[in-house]
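Please keep the sequence and the structure in view while reading.

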Amino acid sequence: MIEARAIRHFDVILILLAAALVAYGSLLLYSASLNAYPDVNLSHPMVKQLVFACLGVGAMVAVAWMDYRAYGQMAAGLYALAVVLLIAVLFVGDSAYGSTRWFAFAGQQIQASEVAKLLVIVALARYLADRQHQMDDPRVFGISLVMMLVPAGLVMMEPDMGTALVFGAIWLGMVTMAGAPPRTLAIFLGCVVALLPFGALLALNDYQLDRFRLWIDPASDPLGGGFNIRQAEIGIGSGGLFGKGITDGTQTQLDFLQTSTTDYIFSVLGEELGLFGAIILLALFTALLFRGIRAANLAQDQFGRLIATGIVIMILFQVFINVAVNIRLVPVTGIPLPFISQGGSSLVMMFVALGLLEGIVIRHKRIEF
Amino acid sequence: MSAAMRALVILMFGILLIQLINLQVIKGEEYQQEAEINALREVPVPANRGLIYDRNGVLLVQNAARFSATIIPGDLPDRGEAAVYRMIGEAIGMPVSEIEAKVEEGIENQGEFSPAVIKSDLDRETALMLLELEPHVPGLKVDVEPARRYLTGDLLSHIMGYIGPISAEEYAELARDGYLYQDYLGKTGVELTYEDVLRGKPGKKLIEVDAAGRELHTISERRPVDGSNLVLTIDLELQRRVNDILREFTPEDENAAAAVINVHTGELLAMVSLPSFDNNVFSGPISETDLTTLIDAPGKPLVNHAISERYPPGSVFKTIVGSAALQEGIASASTTIVSRGYINVENEFDPNVIYVYKDWAPLGALDFYGGVAMSSNVYFYYLAGGKADEGFRGLGEDRVAQYARSFGLGSPTGIDLPGESEGLVPDADWKEEAINEPWTIGDTYNFGIGQGYVAATPLQMLRAITAMANGGTLVTPHVVKEYQDSLGDTLESLQSASSTVPVDPGYLQIVRDGMRQSVTSGVARNAAVGGVAIAGKTGTAEFGAQRDDGTYQTHGWFAGFAPADDPQIAVVVFAEHGTGGNDASPVAARIFDYYFNGGGPINNPGDAAPTPEPEPTDDGSEDPSATDPAATDGVPEPEPTVVPVPTEPPTAAPTEPPTEVPTEPPPTEPPVAPAAILPDRRVPPGGGP
């Protein structure tokens, strides 16, 4: 399904950037789990993460190998699968930290929304690509909105506000890229902003309002929900320009930081490697995203372009929200830092996303002779 | 389009970067300080509490930790409680249902966030296992409290006391001395008196802690200064023997007390109060009901009857009256008074009303030695109150009271134990104020024989007798000999303060001779043992309301010292509901025998077994009274039921007014009441053997 010459177009830089991020993340994972896992063995989170990275690379190659347009043929089925997964997880999923997000499968936990994000990107890309000349039709805009709202709503029920927002961002980025009229977009965004206070009252439950309150004032519950917000802030702030050195951060090593290998891994980086380490991370992500944007540019068709756009927006928003939570720019919401946070499903799905990007790049339209 | 997306990436990451610079560079130092405050904590380091030894270096108390398994219900995992219960249950051997019930009870009583005690008093092995589990089992908390293990239990509990958690009031008072809310301190006994010495000085250290407050490293430390060790004056072996002997002679639930003192130093070698209690029960949580049971138990085991309760001293008090009479010139060694078994006193206002004060037998003519040896009430009625119609001037109540006070009665002895009673020395002013009645000559008579209002603790009587024994030095009894550091080097030796009684040593010698005669041929013969010359004075003090047969309940006393010619130790024995001759004296004999002869069977020169009634000893070889005719004249008949015939006919008999009886005795502790002249009672009032 792939022509040998296409191998030449394989974006090696993209893969190297991803590998650099995984390596960077492994270093942070090692430091963050030093207390719980003094010895490095097969059950060490860093080792597991590297194993998942290898699995991810395999998945990436497999996904890239197949012509991405074939996924377009299956779009309806993929979308249905996403919805079914998100419904099922509400009933049979495992809980942690107050929300139900995971399937237990073969001894591993699979986060349903991680899989669903990519499936919805593909389905939306297919729907919008098929109607690229009808983008003026408000029905197309509306139907695509509903296609996003169904999975986003299900994710909200877990509850997982952060991922729901990522769904929204992905849809917004994709309809914009697909050529939705700026007027429609402006009216839509205006309505959203106007309705936000009412929507917040209706849609947000106590748990989310609580998080909002703690974000404004972590001191209102310094030993409860406010604890981690405050400790993350102290950790990053005390890191200064160059940090306290890897494995030398007191906030991290003395267990003041909770979930320091997942949602709060950026705090480990901020404390131990300082502003300098944070800039390196953001630079790596910028380069990776620019390679993704390049893929969207090179795409031979609208379908590929939209997939690449969705993926870029997805990664961009996850990085932004995750880091913003760590540095108290937005209220707490649990979103993994792509390629960095501990978590198999997130990592594997990131590589699958890269596989889609590679599939688009190696089949780009400018065929060389 | 792609340029717009790149701009979006730059914009969003730019926002992050601005906030990062804000946190890490602009406010960086602030956060660095906060991180330090987070990780560093100043904690107190408790000092080890001083140990306590007996005078021979035998360890009496150990420091131990007391562990209890508790669960903080609010920290239990949402759905994992069952697993936590199971793990704890396996470790401590308790069914899950029971743990569940205890947690629910805890929530009900004190809420979600107070630890519910699942099992207290864990053995060390279980405690260590649970401590290891603690970090991994949410909700489990192992409580560690300091505890004292008293190795001698109820043998020394009144002296040692115990420690307990600081109370809110104590904390309010002691917080500025560095006490903490979770501190333990001495509650009674030497644990309380010497709290400052035993406690030491807590140290401080700066530690690095993790988020759960667990200690990781010590950054700096000011080491605590451990408490000093105490060496008691108590000889544990002697204490054990005194305890055994006293128990043997004391019926269940009756009070009894005995103490042995070094007459020169005031060091108490033994002090026993029965019934006793095991002070180890206070080392841990004691339930309200257990405590109430202990407080209300018959015989009040928590009370140290040797120092905390006052009793009428009875005839033991005659030694003080005798000393006073000699010093004041009221009597000399040869002053002879005839006891016909009673004396009569006319009512001040109506000569037809005559009160009768009885002796315990018509003892005949007695000199001073005989008066003490035979414990004649009449003799001491004369010395204390005089006999106006015969022209015999007595001391009067004022001087009796004055000498009683100078021998230490009516005020605490100053022993280094808490809870001492000061006793009572009455006088006219006191009676006016307390009872609102004028002082009468009858009060003086009763006072003179240690009856009526006067009351003293066994330790006060021991101290008074000690002053007679050592030639007039009123020592301060004490139970702690010295402080030592942990290496056994003496830090400070405690000297007892003392004063001198205002009685010429020569007169005290006369009193001692009388006491010696009491043991050789008088009423204290049951206190005699072979191999050592003992001197002493018994007392059988009446108390309570008169019984139907005209008698009273009595307390038995013995106070004495040995060797008679060079006193080393003095002993007091008090037996509630006993008599001086038959209950207290034999106990004293056994104590002297153990101390001087090393125990073994009692080698009583007169009688091997305690005699039921005083008998004259036939061993007069070293009896100073052998040459004194009065002493032999006054020997009572051995048959207890025979009414002794007075040497003179009781002329006052027809005038004795029975209607006057109720007006004379005070409401609480009736002294010797005016009674029928015929000595119809076996146990004589006040001055029994």
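How many residues does the contact take from chain A and from chain B?

1. The contact takes 32 residues from chain A and 30 residues from chain B; two residues are in contact if their C-beta atoms, placed from the backbone, lie within 7 Å. On the side of chain A that touches chain B, the elements giving two or more residues are α10 (225-239), α11 (250-253), α12 (265-298) and α13 (302-326) of chain A. Helices (H or I, at least four residues) and strands (E, at least two) are DSSP runs, numbered from the N terminus. The most is given by α12(A), with eleven residues. This side of chain A divides into 20 nonpolar, ten polar and two charged residues. Here Ala, Val, Leu, Ile, Met, Phe, Trp, Tyr, Cys and Pro count as nonpolar, Asp, Glu, Lys and Arg as charged, and the others, Gly among them, as polar.

2. This is a predicted model, in which local features need pLDDT of at least 70 and side-chain atom pairs count only at pLDDT 80 or more, while totals for chains, interfaces and linings use all residues. Residues are numbered from 1 along each chain as its sequence is written, and chains are lettered from A and ligands numbered from 1 in the order in which they are written. The model scores ipTM 0.92 and pTM 0.61. Chain B has a mean pLDDT (the predictor's confidence in each residue, from 0 to 100) of 82, and 84% of its residues reach 70 or more. Over residues 600-689 of chain B the pLDDT is below 50, although this stretch has 189 contacts in the model beyond near neighbours in sequence. Where pLDDT is low, the predicted coordinates should not be read in detail.

3. In chain B, three strands form an open antiparallel sheet in the order β4-β3-β5; two strands pair if DSSP finds at least two bridges between them. The edge strands, each pairing on one side only, are β4 (116-122) and β5 (140-150) of chain B. Strand β3 (residues 61-71) of chain B pairs with β5(B) in the antiparallel sense over eleven bridges, and Phe67(B) stands opposite Val144(B) in β5(B). Helix α5 (residues 124-133) of chain B packs on the sheet and touches β3, β4 and β5 of chain B.

4. Is helix α17 (residues 441-448) of chain B mostly covered or uncovered? Helix α17(B) is mostly covered, with eight of its eight residues buried. A residue is buried if 20 or more other C-beta atoms lie within 10 Å of its own, exposed if 12 or fewer, and partly exposed in between, with C-beta atoms placed from the backbone. The buried residues of α17(B) pack against several elements of chain B, including β14 (342-346) and α15 (396-406). Just after α17(B), Gly450(B) takes a positive phi of about 75°.

5. Why is Asn526(B) counted as buried? Asn526(B) is buried because 31 other C-beta atoms lie within 10 Å. Asn526(B) is found in the loop between α19 (505-520) and β21 (535-543) of chain B. The C-alpha atoms of Asn526(B) and Arg590(B), 64 residues apart along the chain, are separated by 9.9 Å.

6. The largest nonpolar core has 137 residues, and those with the most contacts inside it are Ala258(B), Ala259(B), Val260(B) and Ile591(B). Such a core is a set of buried Ala, Val, Leu, Ile, Met, Phe, Trp, Tyr and Cys residues joined through C-beta atoms within 7 Å.

Methods
Axes fitted to C-alpha atoms, helices over the stretch in contact; angles between N-to-C directions.
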